[in-house]
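Colleague: I'm new to reading models like this one. Could you take me through it and tell me what the words mean?

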Amino acid sequence: MSSRLNIWIYSIFFVLICLFYKSFARNRDTLMELSLQEYFSTLQTGKTSLVYFSQDDITVFLEELKKAAGPLHNYGISVTKVNCAKEEASKYCGKENDLTKAYLFRGNILLREFPTDTLFDVNAIIANVLFALLFNEIKYVTSLEDFENIENAMKGKTNIALIYVRAIGTPEHRSVMETAFVYGTAYQFVLTTETALLEGIGTETSDIISGRLFFFHCKLVLDLAQKCQKTVLEQPLTILNIHRFLKLMDAPLLTEVTEDPEKVSTLHLQLGLPLIFILSQQTTYEADKKTAEIVAWRLLGKAGVALLLKNSRDLNIPAHANVIFKRAEEGVPLDFLVLHDANSIISLVENNIPIQNNEPVKEYEEDDMETLNLGIQDDQVVETVYRDRKRNLPLEVIIDLTEETFNSIIMNTSSSIILFYANWEAVSLAFLQTYIDVAIKLKGMYNMLFTRVNCGDWSNVCTKQNVTEYPVIKIFKEGEKPVIYTGMLETEYLLKFIILNRISCPVKIVTIEEAEEFLNGELYKELTSYSSVSVLGIFSPSMTKEKENFIEAGDHLKGYVITGFYSEEDALILAKKYAVTLPALLLARHKEGKIDSILLPNSNANNIVQIIKSALLEIFPEITVENLPIYLRLKKPLLILFRDGNLSHKDKLEMLPLVKQKHLETLIPCWLNLKTTPVGRGILKAYFKHLPPLPLLILVDLHLRGQVSAFPLDQTINEKNILLWLQRLEAGLDSPITTLSDEDWKPPLPAYNFLSRMDATVPYTEIAQFPAPNMLTCAKTIDLQQHDNGHSEDKPAIRKEAT
């Protein structure tokens, strides 16, 4: 049933991405018109703007400038027309020849002047502006020697996209610039307008009219004497064609499969290209693999190639066939063929899938991206990251470490926070903004030093620190082991982790009075807003092993929850007050003002970690995209109250008694706010085909039968009706509104497995089950106000829910 779970969660990410991009498209700016004084008074530091100073509105250029305003706004560039009054004196408004130029500013710094005759239409405007902003990332070359120098420099490092356009400012040039703005750090882009250079790399120029893209595979070339293999985009230079081509260049060259070819889906099929299966036996595996690699290189960008290992008798493949041809169209049967050499396979593809060289070049429209399938849409996330990277970041707030300075900074600083990242990797660039935001918030506080290491430049440093994935945050404190951050890559979570790491948990508590201050939140008052629960372990002095286990568990939870321990001679006084036997945990829930007591018989460090994490889960939580995986790992049906806003007092009165009286122990009762988690609307529409009236109670059984049941719309959601409804469902008297598909739905490529990436960053990934009953025995819950009144008599060790 895990496939139903995957479908449900992938749909959340898909709908969120779609909502984001539709919202983004609706808010595109147009050409602003300001006076000279208004424009210079509204300049923002780091904000890029294209400005035209004018005294005459009757101009063709202004019409084209209006068309360019929306697309440029998508890249963070505002477009403004400044109306120059004749009496105003300015170096931009003063002379007549100055009025025939447009100016590119970053803040109040002039980056570039453009004569308006070079900005002859919307394509030329966008192409020239982006070209000016990307001058450090796109190499312009005019000779073969210049290109060969770049090629040698990139060997073993990154691949090259060499683009020829007939002139600067053409539609093809615009397409290239927009692509480079998105993928600029993924490849080395090289631009030329010289046909002589193309002849130098062995390309016929007679059929090249407007432009051509050549992809040089240099990343895997380690020998300077070896040439980088070249693949040509044979379609016109449009945004979609270039994007599709680069996706294919990043796809695995050869895929090895053992399953039924009918069930195999790859990026090539999703992009409308065929997939060739070359069949192999164990005895001929090496020779077949070499043939498959030759075919894959020859068909790169035209078809996918897979090596099918025939090690299963269940595959319904004719015995004589050695090649299978699978078309991208659904419902088309497979072709089982007998082909004797690589050239025959290549001819098969090229004869069946002709390249459309006469496709008309069209201007890029943002809505076109929505026609692509999931494989393309996932890359919109990367596209957004690269667009955001154009913002000027205040990198001066974090120290850039090198191989020479790394050790000296760590040795001479009491507390250092280090971001290990790669400047070519999309998530690293996005997280760098978060890291800077946190550094700014904590600037001058707590004597913490924020630093960064670019693993692209200092790979030896990252290797020595065992950093193999990016980005990674480590906190180095004098005399302690480094602590690694494994939480969500967002400002709120990182800020909480860093602040909670200020204290070295678990804290040793030495007096009863200090223990009480710890439990009521007074001891670390400034931290309780970051950790709503404080955990105190209490032990007798002789319980050395139990205390060591708790200290190990507290060290594991450092940065996520405040922990402390008390093991003095009078520990029994504390145990009697909270009606527990030693060893035990006291969980102080500061928001609710109550304390839960938990016994720890024969618990090792891992068990204690599980107990604390399980105790931190809410009894009636709000479900969000971030915490959903944590609750799904409990493998219980979800009883979700969908609301268009926050919980009402009536909701709590009806739902909480059911939870506290343990009528819902086999379920996970929760609620979802459609205003803060709008993907819930998409979920309801998938269940009902329309958006039903709210509030609405839904039971989703993801793990067993895949059934979705809805509380009757004509009944009031109250305690009595909910219990009767659940009883009818259990007895099979009510039918589900829908059943989730049991189809195995996987991400198109390993890089798109966002669930595994989320698992790697959620700090509570180990929660699969609650501890067994013999591991976890709960004592009573005691209200803090009751303690203040002196009610501490001993009572039986049973759990009593807070009222």
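Colleague: Which strands does helix α4 (residues 122–133) lie across?

Modeller: Helix α4 lies across β2, β3, β4 and β5, and runs at about 145° to β5. Axes here are lines fitted to C-alpha atoms, for helices over the stretch in contact, and angles go from 0 to 180 degrees between N-to-C directions. Helices (H or I, at least four residues) and strands (E, at least two) are DSSP runs, numbered from the N terminus. Before we go on: this is a predicted model, where local features need pLDDT of at least 70 and side-chain atom pairs count only at pLDDT 80 or more, while totals for chains, interfaces and linings use all residues. Residues are numbered from 1 along each chain as its sequence is written, and side-chain values use heavy atoms, with hydrogens and water left out.

Colleague: What makes β2 (residues 48–54) and β4 (residues 101–106) a pair?

Modeller: Two strands pair if DSSP finds at least two bridges between them. Five bridges join β2 to β4, so they pair, and they run antiparallel. Y52, for one, has A102 in β4 as its bridge partner.

Colleague: What is the order of the five strands in the open sheet?

Modeller: The order is β1-β3-β2-β4-β5, with mixed pairing. β1 (32–35) and β5 (109–115) are the edge strands, as each pairs on one side only.

Colleague: Why is E151 called buried?

Modeller: Buried means under 20% relative accessible area, exposed over 50%, and partly exposed in between (1.4 Å probe, protein chains only). E151 has 2% relative accessibility, so it counts as buried.

Colleague: How do you know that E151 forms a salt bridge with K227?

Modeller: A salt bridge is a side-chain nitrogen of Lys or Arg within 4 Å of a carboxyl oxygen of Asp or Glu. The closest N and O atoms of E151 and K227 are 3.3 Å apart, so the pair qualifies. E151 sits in helix α5 (residues 144–154) and K227 in the loop between β9 (211–217) and β10 (229–233), 76 residues apart. By this rule the count comes to 17 salt bridges.

Colleague: And why is D335 called partly exposed?

Modeller: D335 has a relative accessible area of 25%, so it counts as partly exposed. D335 forms a salt bridge with R327, the closest N and O atoms being 2.6 Å apart.

Conventions
Contact = heavy atoms within 4.5 Å.
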